[in-house]
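Hello,

Here is the structure I promised to pass on. Please have it open while you read.

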Amino acid sequence: MAANISSLEEQVFEFAAFMKNVDMFPVFFTAHVSLACLVVREDSKDLGTKFRQNHPFTLWLCTVIASVSGVFLANFLFGDPLVDILKENKLIAFITILWYLINYCPFDVVYKVVALRPVFLTAAILQECLRLRFIYLGVQQAAKLYPTGYVIIIIGGVIKGNGYGFVKIVERLIRGKWIPTTNDLLDITYFAKSSLYASVLFLLQHMEVLAVPVELLYLGIVVAFVTLRLIIVLGGVRDPLLPIELPICTL
Amino acid sequence: MAANISSLEEQVFEFAAFMKNVDMFPVFFTAHVSLACLVVREDSKDLGTKFRQNHPFTLWLCTVIASVSGVFLANFLFGDPLVDILKENKLIAFITILWYLINYCPFDVVYKVVALRPVFLTAAILQECLRLRFIYLGVQQAAKLYPTGYVIIIIGGVIKGNGYGFVKIVERLIRGKWIPTTNDLLDITYFAKSSLYASVLFLLQHMEVLAVPVELLYLGIVVAFVTLRLIIVLGGVRDPLLPIELPICTL
Amino acid sequence: MAANISSLEEQVFEFAAFMKNVDMFPVFFTAHVSLACLVVREDSKDLGTKFRQNHPFTLWLCTVIASVSGVFLANFLFGDPLVDILKENKLIAFITILWYLINYCPFDVVYKVVALRPVFLTAAILQECLRLRFIYLGVQQAAKLYPTGYVIIIIGGVIKGNGYGFVKIVERLIRGKWIPTTNDLLDITYFAKSSLYASVLFLLQHMEVLAVPVELLYLGIVVAFVTLRLIIVLGGVRDPLLPIELPICTL
């Protein structure tokens, strides 16, 4: 029996380590970039039905920005060259192919497939895994640069987990859409908040306040992220954290 | 008699040296950050009475930006990481405490005290001393990086003395307030102009065109800054430099 | 006869090398900065007739930004200090003199002369030569930093050849003019497109896909740029590349 439990523990640990180290390319990236393509395309609908046909370059640029928004933002805030990420020719080619397929495929087949509920759901779950990896790596990088800059470490995680949310205002402006009355720093979305909580937990673990192996913490947050995303997509809930936060805030 | 005069001279010089080197933390900083809190709070009034309650994080972020706007702007223009200043955990904690007290104190006591005329006046005077120190250090830093870049040296001083003025357009956008028809580069305020004059004087002294000991120059500008600020606050004048500039401009 | 041809070839080659290496200062720069002054002045017309008189500093700043917009943009995207270019005191003085002459000369003589058709045409032709030099150097610089970053190399050229087009949205904002519905990334102008084509050609030559001596390629593009600019100015055509592109796009 004891051997059984230890074996279960070991298996969980192994799975946690796997989640933390599995190569994100290409499966998780495909999901993430496809959803980025979708978001940009849907958000352009109110710019006219001909927008996709008339502005392919703008759409491509915005898709690239949406896909690597976290890196752009990190480069901007941490003083690295903004163009840096564009040196990854493979990544650019990869985004370009997905952009083409989702926006200009004959009979719009690829778009319709990605928009299918089960496909969309799977992509959303995979994206959550990628999002957490981004957050984790963002926290690590910031912690290396500023070992005691706690605010900076948290920022390093949050912008990687909700890059598009913060960059959206500029990305929309490129598409000629200007909505100054709202932004992710004013009306904080679920994605910004969950990135914040994850970053804080990683920071606490990094500071050894939270005495948990990082693999288990990582796995726990992945499970939470995936569950909450499922609630959002399936339940049509905007912010599943709100019912938990409200009673705490009123205290 | 001669001894007396020399002693007076010495005393002035000593006081000037004191003003130029006295630690700005915590007294002068408290004044400066309190006024920054006040400015952000007052400027949010037209965003609805519930803005403070509904957007505490946005208000906090904007208060931080307003407090260290000069550093943000300098980092942006001189190619340093924007997040750099946030590594000062003490400064962030300090701003956070003042932000909390001024915005969310029971019965709004702290806000009412700071808004009291004598308290506000004292804070304004202390802020002018801090502002000049910022300008002086900004000029020094820029001069070290670009010894013959006169325009850059002046910019280095001006952005430190009127940081909030230039950053306001972005800081307001974070609060969902967008006013594109005016900015401090278009409608030049007293604070921008006084920063410019002070920077030019420091530059001339640095270039040894102005053969005055830097301590005396510093003291002279402090006296001018404080006097002009008193005129602004007490007299309700928007720009006390205008009556001096107008006859020169028409020449 | 053979000697004759070789001599003609030699002459072309010599002229091409001359075009690629001739000092751009002061003749070509004068043309470029004068046109920048003109553009900023004309674009400010709808801001009121008194704009020039009431906002000389803003006009000066915008003229400087328009004149060196490519460098600003390159510094921004490649992580160099934005103020860097302002250390060139001679260049700033040069721009300042032209700004003064074109905007505030008695009886507006200089403005009227520059706006004369033959003068304007000559300036436009000279500007095209400068524009290509900027593109060429931009491609070279980017290729040195990112030898295999093809997208970055192209960006490096495009922003140097159409800097003002991309910066315009911010430059206008400084003048209190905000037009979010259009920008050069959304509605791609002739200047952006020609910069793109030139950058791609230089990149192909750099990658040795295009086996042409760089001098000849340079000369060829100069001729194309000047011809197309003549069509624009003389023919009042907005985009002379459109008739060539349309049949290719519909394929």
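Below are my notes on a cavity, a helix pair and some backbone features.

This is a predicted model, where local features need pLDDT of at least 70, side-chain atom pairs count only at pLDDT 80 or more, and totals for chains, interfaces and linings use all residues. Residues are numbered from 1 along each chain as its sequence is written, chains are lettered from A and ligands numbered from 1 in the order written, and side-chain values use heavy atoms, leaving out hydrogens and water.

**Cavity**

The search of the whole structure turned up one cavity of 30 Å³ or more. (A cavity is a set of points, on a 1 Å grid over the protein atoms alone, where a 1.4 Å probe fits but cannot get out. Points are joined across faces, edges and corners, and volume is the space filled by probe spheres set on them.) The largest cavity holds about 180 Å³. Its lining has 17 residues, a lining residue being one with an atom within 4 Å of a point. Nearest the centre are A:F76, A:G79, B:F76, C:F76 and C:G79. Two or more lining residues come from each of these elements: α5 (69-78) of chain A, α5 (69-77) of chain B and α5 (69-77) of chain C. (Helices are DSSP runs of H or I, at least four residues, numbered from the N terminus.) The lining splits into eight nonpolar, six polar and three charged residues. Here Ala, Val, Leu, Ile, Met, Phe, Trp, Tyr, Cys and Pro are nonpolar, Asp, Glu, Lys and Arg are charged, and the others, Gly among them, are polar.

**Helix pair in chain C**

α5(C) packs on α9(C), residues 150-161, at about 150°, with the axes 7 Å apart. (Axes are lines fitted to C-alpha atoms over the stretch in contact; angles run from 0 to 180 degrees between N-to-C directions.) The pair is therefore roughly antiparallel, a term for angles over 145 degrees. From α5(C), C:G70, C:V71, C:L73, C:A74 and C:L77 meet C:I155, C:I159 and C:K160 of α9(C). Contact means heavy atoms within 4.5 Å. Six of these residues are nonpolar, one is polar and one is charged.

**Backbone**

Most peptide bonds are trans. The bond from A:F25 to A:P26 is cis, with omega near 5°. A:P26 sits in the loop between α1 (2-21) and α2 (27-43) of chain A. C:F25 and C:P26 are also joined by a cis bond, omega about 5°. A:F107 has a positive phi, near 60°. A:F107 lies in the loop between α6 (89-104) and α7 (109-115) of chain A.

Best wishes

Definitions and conventions: 1 Å grid on protein atoms, 1.4 Å probe; cavity = no way out; pocket = protein on both sides within 12 Å on 5 of 7 lines; lining within 4 Å. Parallel < 35°, antiparallel > 145°, perpendicular 65-115°, else oblique.
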